[in-house]
Amino acid sequence: MENAGLEIREYDPSRDGPAVRACFIELQDFERSLDLRMPPGSDVADAYLERMFQRCDEFDGVVLVAVLEDAVVGFVTIWTRHHSDEPDDDPSEHGFISDLVISSRQRGRGIGRSLLRAAEARAREAGVRSIRLSTQAGNAKARALYTAEGFAEAEIYFEKPLA
Ligand SMILES: CC(C)(COP(=O)(O)OP(=O)(O)OC[C@H]1O[C@@H](n2cnc3c(N)ncnc32)[C@H](O)[C@@H]1OP(=O)(O)O)[C@@H](O)C(=O)NCCC(=O)NCCS
């Protein structure tokens, strides 16, 4: 779906902080609805965002915001040159999408897809050969989006409750 009036631009710390924080809280609270062991978004937003921006510095990352009618309605964070420090992992640099969220009232209009494509374009510009992300197994919408955009499952994480 085309979004008339949608602008995607880099995060501007002088004006976008509160809106990105609000979007992060929506993201965290959505994920928490799938796993109640996670902390509420408002409890962890400041610490999380501080770390997210530190990792942008470390891994050549950028936060892109989606703007509709002068309001930020979502964001994506792409570390364009991420690598693992684990000795047994593939050491190559790759793009890594750490966060993607659209404000609930604006979902289903193609904005998430537009942000994902913009993040992918940044990774391509950086010259990496692949782009990675992870999501909860129960997040059907996100999984449908990623699959439709050409992502395939690369690793599967299992958990078994012992209680
Ligand atoms: C996942 C999310 C980012 C998608 O953004 P969006 O703007 O709503 O998605 P789009 O409108 O661009 O839709 C893209 C694709 O997502 C999937 N999708 C979107 N809404 C869906 C729905 N209600 N049911 C099933 N699939 C859906 C479809 O594959 C869709 O493609 P299509 O329109 O060709 O069928 C958004 O729903 C969101 O912020 N969710 C909560 C936070 C989250 O889960 N973030 C991802 C964590 S990894």
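The stops below begin with the overall fold of this predicted model and end with a few backbone angles.

**Stop 1: the whole protein.** Show everything as a cartoon. The C-alpha trace spans about 45 × 40 × 30 Å along its principal axes. Of the 163 residues, 25% count as buried. Among contacts with a separation of 6 or more, 60% are between residues 24 or more positions apart.

Stop 2: The 5 strands make an open sheet in the order 1-2-3-4-5, with mixed pairing. Which strands stand at the edges? They are strand 1 (7-10) and strand 5 (131-132); each has a single partner strand, so one side of each is left without a neighbour in the sheet. Now zoom in on strand 4 and strand 5, which run parallel and are joined by 2 bridges. Select phenylalanine 96 and look across to its bridge partner in strand 5, arginine 132.

Stop 3: In soluble globular proteins, nonpolar side chains tend to be buried together. Here the largest nonpolar core has 26 residues, and Ala66, Phe75, Val76, Leu115 and Ala119 touch the most other members. Helix 1, strand 2 (61-68), strand 3 (71-82), strand 4 and helix 3 each supply at least two residues of this core. Strand 3 gives the largest share, 6 residues. Select leucine 115 next. Leaving aside residues up to four places away in sequence, leucine 115 touches Ile8, Leu64, Ala66, Gly74, Val76 and Leu100.

Stop 4

**Stop 5: helix 4 and what comes after.** Stay with helix 4 and select its 9 residues. The count of buried residues among them is 0, so this helix is hardly covered. Just after helix 4, select glycine 150, which takes a positive phi of about 100°.

Stop 6: Most residues other than glycine have a negative phi, and most peptide bonds are trans. Select aspartate 60, in the loop between helix 2 (41-58) and strand 2. Its phi is positive, near 55°, and aspartate 60 is not a glycine. Is aspartate 60 exposed or only partly exposed? Aspartate 60 has 17 C-beta neighbours inside 10 Å, so it counts as partly exposed.

Then select glutamate 69, in the loop between strand 2 and strand 3. Glutamate 69 is not a glycine either, yet its phi is positive, about 50°. With 8 C-beta neighbours inside 10 Å, glutamate 69 counts as exposed.

Terms used. Residues numbered from 1 in each chain as written. Predicted model: local features only at pLDDT ≥ 70, side-chain atom pairs only at ≥ 80, totals over all residues. Core = buried A, V, L, I, M, F, W, Y, C linked by C-beta atoms within 7 Å. Buried ≥ 20, exposed ≤ 12 C-beta atoms within 10 Å, placed from the backbone. Helix = DSSP H or I, 4+ residues; strand = E, 2+ residues; numbered from the N terminus. Contact = placed C-beta atoms within 7 Å. Pairing = 2+ DSSP bridges.
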